[in-house]
Amino acid sequence: MTDWGKLIIAVGLRVEDFAESVVAALARLRGRRHPVIVPFIGHGTTRRVRVGARLVLGREAAAPSVLATASGEGPATPRSRRAVLRASIARFLTIEVPGAEVTIHLPGGDVVVRTDRDGYVDHEVELTDVAPGWLEVGLTGPAGSTATARVLVTDPDARIGLVSDVDDTIVDTGITRGLDFLRVTLLTDVQDRTPLPGAAALYRALVTTPAGEPARPVFYVSTSPWNLHEMLLQFVGLRGFPLGPLLLTDWGPSHTGLFRIGAQAHKLGLVRRLLDEHPHLRLILIGDSGQEDPEIYATLARATPDRVAAVYIRRTTGADPVRLRQVDDLAAEITAAGVPMLAVDDSAQIAVHAATLGLLDRAAVASVRAELAR
């Protein structure tokens with residue numbers, strides 16, 4: 001990075017700090033004084049897990065329930081577009097609490113950490129052998145704030161895991177279609193967001209194992225901001241996708257960039273970390289052609305062919321034919337090198353191909369097709 005680049009980032013950080021201090025002061029005047037812990041879904045092994053949360057100011061000393069959100073609980077009645085717009089904007093108008101102590105309550109004892117400059121807790125903690133499955137971790141912060149985070153503890157005997165992009169891979173966001181993306185993001189309520197047809201049935205089939213075999217973990221990787229964690233988690237629950245960690249990113253100035261980390265650095269780094277943390281897992285990678293997923297997954301397949309079970313790329317609606325040819329050529333190259341990679345138009349094509357590789361039960365193909373036909 002050039003000296004000019006470093007200077008611009010430093011100025012950006014100073015401007016952000018000043019703006020947040022002003023907004024925080026105004027928020028306190030309007031009654032948002034209570035620290036609230038917003039828990040994220042964590043993940044790890046039977047010996048080491050990563051716990052995540054964010055500390056923000058709210059009007060009530062009560063945290064949103066990640067347990068209720070994960071079950072798909074949503075608004076009881078349809079909301080007006082104005083109400084949806086207000087809720088969408090409010091997700092990004094958070095007032096973070098930096099440098100505050102948060103206690104993580106674990107089976108082996110408590111761990112005290114501090115939130116970073118953006119109010120985040122992102123901490124790896126050692127465990128004394130816990131059972132695979134879902135672990136509930138208590139969090140306590142300033143002024144009596146509490147929350148419960150869920151942590152996915154992957155079974156050390158599991159051999160297959162699923163990694164999926166989010167935008168235009170499990171949910172139609174129109175991220176490559178300009179105004180459609182803004183309409184979906186700001187004006188569409190969570191229960192009205194459209195899942196990719198057949199995707200939920202496909203993912204359930206990919207993580208379902210025969211009786212007696214360990215559960216397969218699923219990880220959702222996206223460059224969407226952490227502000228959308230609760231909404232995306234609610235979508236996963238409402239639409240019947242298997243529950244798993246949502247590994248998102250932070251938007252805004254940081255020490256590495258002015259706006260946000262790029263998709264290559266973010267997704268490559270996350271998947272490589274998953275491979276390191278779970279050396280026994282081979283991963284099924286699913287993404288779409290709209291952004292950089294094909295190139296990111298191809299890089300992983302070239303570097304660690306023995307760790308990638310298959311790569312599937314959804315062709316996005318209205319994609320440039322030149323781009324689609326590039327993806328097809330890349331898929332042919334990676335397949336010839338020994339890692340199955342396929343560009344597809346729907347979930348059934350993935351299911352059929354995965355069944356030929358033994359990655360899902362052939363009988364599950366019918367359920368994927370049935371969901372597609374609805």
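**From a strand pair to the cores**

I313 has A343 as its bridge partner in β14. Those two residues belong to a parallel strand pair: β13 (residues 308–314) and β14 (residues 341–344) pair over 4 bridges. Two strands pair if DSSP finds at least two bridges between them. Between the two strands, the chain passes through helix α9 (residues 321–336), and this β-α-β crossover is right-handed. A crossover is right-handed if, with the strands pointing away from the viewer, the path from the first strand over the helix to the second runs clockwise. Helices (H or I, at least four residues) and strands (E, at least two) are DSSP runs, numbered from the N terminus.

This is a predicted model, in which local features need pLDDT of at least 70 and side-chain atom pairs count only at pLDDT 80 or more, while totals for chains, interfaces and linings use all residues. Residues are numbered from 1 along each chain as its sequence is written, and side-chain values use heavy atoms, with hydrogens and water left out.

Now the whole chain. The protein chain has 11 helices and 14 strands. Of its 374 residues, 49% are buried. Buried means under 20% relative accessible area, exposed over 50%, and partly exposed in between (1.4 Å probe, protein chains only). Take the contacts between residues at least 6 apart in sequence: 73% of them join residues at least 24 apart. Contact here means heavy atoms within 4.5 Å.

Next, the cores. In soluble globular proteins, nonpolar side chains tend to be buried together. A nonpolar core is a set of buried Ala, Val, Leu, Ile, Met, Phe, Trp, Tyr and Cys residues joined through side-chain atoms within 4.5 Å. The largest one here has 45 residues, and I170, Y220, F241, I284 and L360 touch the most other members. Helix α5 (residues 199–207) gives the largest share of this core, 8 residues. A second, separate core holds 28 residues, including L270, L330, A331 and A343. A343 is also the bridge partner of I313.

Return to helix α5. Of its 9 residues, 8 are buried, so α5 is largely enclosed by the rest of the structure. Among the buried ones are A199, Y203 and V207. The buried residues of α5 pack against strands β9 (160–164), β10 (218–225), β12 (282–288) and β13, and against helices α10 (347–356) and α11 (364–373).

Two residues show what the packing looks like close up. I284 contacts, leaving aside neighbours within four places in sequence, I160, G161, L162, V163, L206, A309, A310, Y312 and L359. V236 sits in helix α6 (residues 229–238). V236 is buried, with a relative accessible area of 2%. Beyond its neighbours within four places in sequence, V236 is in contact with I170, Y220, F241, P242 and L243. V236 and A200 are 36 residues apart in sequence, and their C-alpha atoms are 8.6 Å apart.

The aromatic rings come next. A pair of aromatic rings is described by the distance of the centres and the angle of the planes. Rings of Phe, Tyr and Trp (its six-membered ring) pair if their centres lie within 6.5 Å; planes under 30 degrees apart count as stacked, over 60 as edge-to-face and the rest as tilted. A search of the whole structure finds 4 aromatic pairs. One of them, F40 and Y120, is tilted, at 6.5 Å centre to centre and 45° between the planes. F40 lies in the loop between β1 (34–39) and β2 (42–44) and Y120 in strand β6 (residues 120–126), so the pair ties together parts that are 80 residues apart in sequence. Both F40 and Y120 are buried. Ring pairs link these two and W226 into a cluster.

R150 lies over the face of W134, at 4.7 Å from the ring centre. A charge sits over a ring if NZ of Lys or CZ of Arg is within 6 Å of the ring centre and within 35 degrees of the ring normal.

A143, in the loop between β7 (133–140) and β8 (146–153), is not a glycine, yet its phi is positive, about 60°. At 68% relative accessibility, A143 is exposed. D168, in the loop between β9 and α4 (179–187), is not a glycine either and has a positive phi of about 65°. At 7% relative accessibility, D168 is buried. H278 lies in the loop between α7 (263–277) and β12. H278 is buried, at 1% relative accessible area. Not counting residues up to four places away in sequence, H278 touches G44, T45, T154, F219 and R307.
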